[in-house]
Amino acid sequence: MISISVMALVFGVVFLAELPDKTALAGLVLGTRYRASYVFVGVAAAFVVHVVLAVAAGSVLTLLPQQLLHALTGVLFLGGAAMLLLKGGGDDEEVREPKDQSFWKVSGAGFMLILVAEFGDLTQIMTANLAARYDDPLSVGLGAVLALWAVAGLGIVGGKALMKRVPLSLITKIAALLMTALGVWSLYEAIA
């Protein structure tokens, strides 16, 4: 059974945390050079791999005693919020252009770029943390995948327009605030 509330919470947190990240920029760069649908397929597949790994790691964490699990997730959320606030901008990564515009070359380039660039990224760690926190792998996984796909789609199709209208610093602060609230709540549950 899918929990809409858990899925929505995960979507919101992951979406806001990923929006100021390099994914939107990478999607924008690839989307301006290649057919958007080809780029999206590769990027979307890479995110599915990341979320499956994160949810599996988070599910293993649920084997810990509840108080320890709440304390651990609280500290991880607070650490994630600090990382968001302290993270410097400008992660300009070189994007290798495929030699041709075929589906496999373009999708493969998008897949490899995201697979490598996002491995061990904050949102992957957050997804594992949320999977441990809510012990609902399907809802967490679905919320995370949809959020990552939404950010990738925005980056590929309209990244420039969005960044002109919504300041990156505001998005980062909102994501950090949500993560801080989740961290404090988890620590409270560990003590209570």
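Predicted model: local features only at pLDDT ≥ 70, side-chain atom pairs only at ≥ 80, totals over all residues.
Residues are numbered from 1 along each chain as its sequence is written, and side-chain values use heavy atoms, with hydrogens and water left out.

The protein contains 8 helices and 0 strands, where helices (H or I, at least four residues) and strands (E, at least two) are DSSP runs numbered from the N terminus. From the N terminus on, the order of elements is α-α-α-α-α-α-α-α. Of the 192 residues in the protein, 45% are buried, a term that denotes under 20% relative accessible area, with exposed set at over 50% and partly exposed in between (1.4 Å probe, protein chains only). Among contacts (heavy atoms within 4.5 Å) with a separation of 6 or more, 92% join residues 24 or more positions apart.

Helix α1, residues 4-18, comprises 15 residues and spans 21 Å from its first C-alpha to its last, close to the expected 21 Å at 1.5 Å a residue; the expected span is 1.5 Å times one less than the number of residues. The buried residues of α1 include V6, M7, V10, V13 and V14, together with F15, L16, A17 and E18. Helix α3 has 26 residues and reaches 37 Å between its first and last C-alpha, close to the 38 Å expected at 1.5 Å a residue.

Helix α3 (residues 36-61) packs with helix α5 (residues 103-117) at an angle of about 35 degrees, the two axes lying 7 Å apart; axes are lines fitted to C-alpha atoms, for helices over the stretch in contact, and angles run from 0 to 180 degrees between N-to-C directions. On the α3 side the contact is made by residues including Y38, V39, G42, V43, A46, F47 and H50, and on the α5 side by F103, V106, S107, G110, F111, I114 and L115. The buried residues of α3 include Y38, V39, G42, V43, A46, F47 and H50, and also V51, A54, V55 and G58.

The structure holds 1 salt bridge, defined as a side-chain nitrogen of Lys or Arg within 4 Å of a carboxyl oxygen of Asp or Glu. The side chains of R133 and E189 meet in this salt bridge, with an N to O distance of 2.9 Å. Because R133 lies in helix α6 and E189 in helix α8 (residues 168-191), the pair ties together parts that are 56 residues apart in sequence. R133 is buried, with a relative accessible area of 12%, whereas E189 is partly exposed at 24%.

The loop between α6 (122-134) and α7 (137-165) contains D136, and D135 is found in that loop too. D136 is buried yet has no salt bridge, and the nearest side chain of opposite charge, that of R133, is 12 Å away; here Lys and Arg count as positive and Asp and Glu as negative, while His and the chain ends are not counted. With neighbours within four places in sequence left aside, D136 is in contact with M1, S3, V6 and A131. D135 has a positive phi of about 45 degrees although it is not a glycine, and D135 is exposed, with a relative accessible area of 53%.

In helix α7, L154 is partly exposed, with a relative accessible area of 34%. L154 and L19 are 135 residues apart in sequence, and their C-alpha atoms are 8.9 Å apart in space.
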